[in-house]
Amino acid sequence: MNRQSSFCVSEDTIAAIATPSGMGAIGIVRMSGPRAIPIAASIFKTYCGKRLEDLQAFHFYLGRIVDPSSEEVLDEAFIVIMRAPRSYTREDVVEFQVHGGPLILHKVLELCLRYGARLARPGEFTLRAFLNGRIDLTQAEAVAQMVQARSEKALSAFYRGLSGQLSQKVKSWQDRLLLCQAYVQAFCDFADAVEGSIEELIWKELETLEKELAKEVQKSERFAIFQNGILVVIAGKPNVGKSSLFNLICGEERAIVTPIPGTTRDVLEVSLTIDGVPFRFVDTAGFRSSQDVIERIGLQKAEEFLEKADLVVLVFDMGQPLEEEDFSLVKKLAHKRRILVLNKSDLSPQINKEDLNKLCPEEEVLEISVLQRKGIEKLFERLVNVAQLNVDLEETPLLVTQRQREILEEVLRIVQEARGALKQGLSIDVVGILLEEGLQTLRRFTGEDVDQKLLDAIFSNFCIGK
């Protein structure tokens, strides 16, 4: 499907660096558009002596990149030509593979721009692939998500979108709504000739569809937590070892640790993947009454993160008896999923597991010593196990973006309204109108019905060169 009838594809030839900034063994400069091959021919000379116009597509050719104005050789490089329509953008595409220094890459890009290309906008290569019918909108979104994937599970979900599995599912939902529309039309045109209840046929189709949509929305909502990283807040009263634990989790001294209560006044955050599960660990100020203005701001931030937390690691000090701050925190976090940690097991105990079990009945207590690095592996194991309660790691969702979730939630609402109309005995025409609304909404899913504003919003989040 070519979408150029709705959206104008620029006739410009675009160019960009397609590899991350910084030093590397290889860097890639990519061009796409009608003049990609002629521009490349003006700055690249093959060692085999062939003209670029005669090179075989999808083959590597070794040569030199030369500045035509000075005859200066910039680099020895490979070139790959991908001719339309058998390319990512369905346009002529040229890639230079050069040595991966930033200076070399920018000089090659500068030559491309000087001899007729323009700098690509963020996501413009993928936008052209969409507009030229190479991929649909769900596949384009999957491209951006794969670049940002933080775990193998997320990568698997994004690849399903890129491979077209979500598009196929959307097509099956559209087919079911179209079948219901056909039933409505048959009822309107041949009510007397149709055997059986048309309303019952429509009801069964919509019931099955509603269950499928609800299941996908539910899976997607659970996966959103996993996709963004499970937010773990480390909480406790001052000097129980929160910041020391945070530093041990980080593997470096991120938080300042002193014996002085109230040292931690700001919120520190680090992302970490454990056994394939992405976490966001947050260190917070110790909870206590304070007249210090800065410390109170830190406590307010801690409260905000606790409210958002998917999981709380509540730390107690084995060397200190339980105090009012401990009781207050346990009560405050009664509604939160939490892990109880008894730190400083290397000290003479003032409290033990039994004391915490009285305070928090039927909750497992982990004894650790951050100083001696004891019990940390058990804590990590417990974190992963609790994360699996939040997200079924064996269940890969089809929906991977907020836009997709919102569209499917809207379709689910429409299907529920249509079933409600049937149940209330409303005119079959009302059901037909709702079915058409559902189909129109699904067309936004894959980009069959999309406006320029939405495209700009989606592709502006891509990196340049993709």
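User: At roughly what angle do the axes of helix H13 and helix H14 cross?

Analyst: The model is a predicted one. Helix H13 covers residues 402-423 and helix H14 covers residues 428-446. Their axes come within 9 Å, and the crossing angle is roughly 170°.

User: Are H13 and H14 roughly parallel or roughly antiparallel to each other?

Analyst: Angles over 145 degrees count as roughly antiparallel. The axes of H13 and H14 cross at roughly 170°. The two helices are therefore roughly antiparallel.

User: How do the residues of the contact of H13 with H14 divide into nonpolar, polar and charged?

Analyst: On the H13 side the contact includes Ile 407, Leu 408, Val 411 and Ile 414, together with charged residues such as Arg 403 and Glu 410. H14 contributes, among others, Val 430, Val 431, Leu 434 and Phe 445. The division is 13 nonpolar, 3 polar and 6 charged.

User: Do the buried residues of helix H1 line one face of the helix or several, and within what arc do they fall?

Analyst: In H1, residues 36-43, the buried positions are Ala 36, Ile 37, Ile 39, Ala 40 and Ile 43. An α-helix has 3.6 residues a turn, so residues three or four places apart point the same way. Seen down the axis of H1, the buried residues line one face, because they fall within an arc of 160°.

User: Which strands stand at the edges of the open sheet of 7 strands?

Analyst: The strand order is S3-S4-S5-S6-S2-S1-S7, with mixed pairing. An edge strand here has a single partner strand, so one of its sides is left without a neighbour in the sheet. The edge strands are S3 and S7.

User: Which residue in S6 stands opposite Val 29?

Analyst: S2 and S6 run antiparallel and are joined by 8 bridges. Within S6, the residue opposite Val 29 is Phe 96.

User: Which residue in the turn of the hairpin of S9 and S10 has a positive phi?

Analyst: S9 (residues 268-274) and S10 (residues 277-283) pair in the antiparallel sense over 7 bridges, and Val 270 stands opposite Phe 281. The hairpin has 2 residues between its strands. The turn residue with a positive phi, about 50°, is Asp 275.

User: Is Glu 71 buried or exposed?

Analyst: Glu 71 is placed in the loop between S4 and S5, and its phi is near 65°, a positive value in a residue other than glycine. The cut-off for an exposed residue is over 50% relative accessible area. At 60% relative accessibility, Glu 71 counts as exposed.

User: What is the relative accessible area of Phe 58?

Analyst: Phe 58 lies in the loop between S3 and S4, and its phi is also positive, near 65°. Phe 58 is partly exposed, and its relative accessible area is 39%.

User: Which residues does the cis peptide bond join?

Analyst: Most peptide bonds are trans. In the loop between S5 and S6, where Pro 85 is found, omega of the cis bond is about 0°. The residues joined are Ala 84 and Pro 85.

Technical notes. Residues are numbered from 1 along each chain as its sequence is written. This is a predicted model: local features need pLDDT of at least 70, side-chain atom pairs count only at pLDDT 80 or more; totals for chains, interfaces and linings use all residues. Side-chain values use heavy atoms; hydrogens and water are left out. Axes are lines fitted to C-alpha atoms, for helices over the stretch in contact, and angles run from 0 to 180 degrees between N-to-C directions. Helices (H or I, at least four residues) and strands (E, at least two) are DSSP runs, numbered from the N terminus. Angles under 35 degrees count as roughly parallel, over 145 as roughly antiparallel, 65 to 115 as roughly perpendicular and the rest as oblique. Contact means heavy atoms within 4.5 Å. Buried means under 20% relative accessible area, exposed over 50%, partly exposed in between (1.4 Å probe, protein chains only). The arc is that of the directions from the helix axis to the C-beta atoms. Two strands pair if DSSP finds at least two bridges between them.
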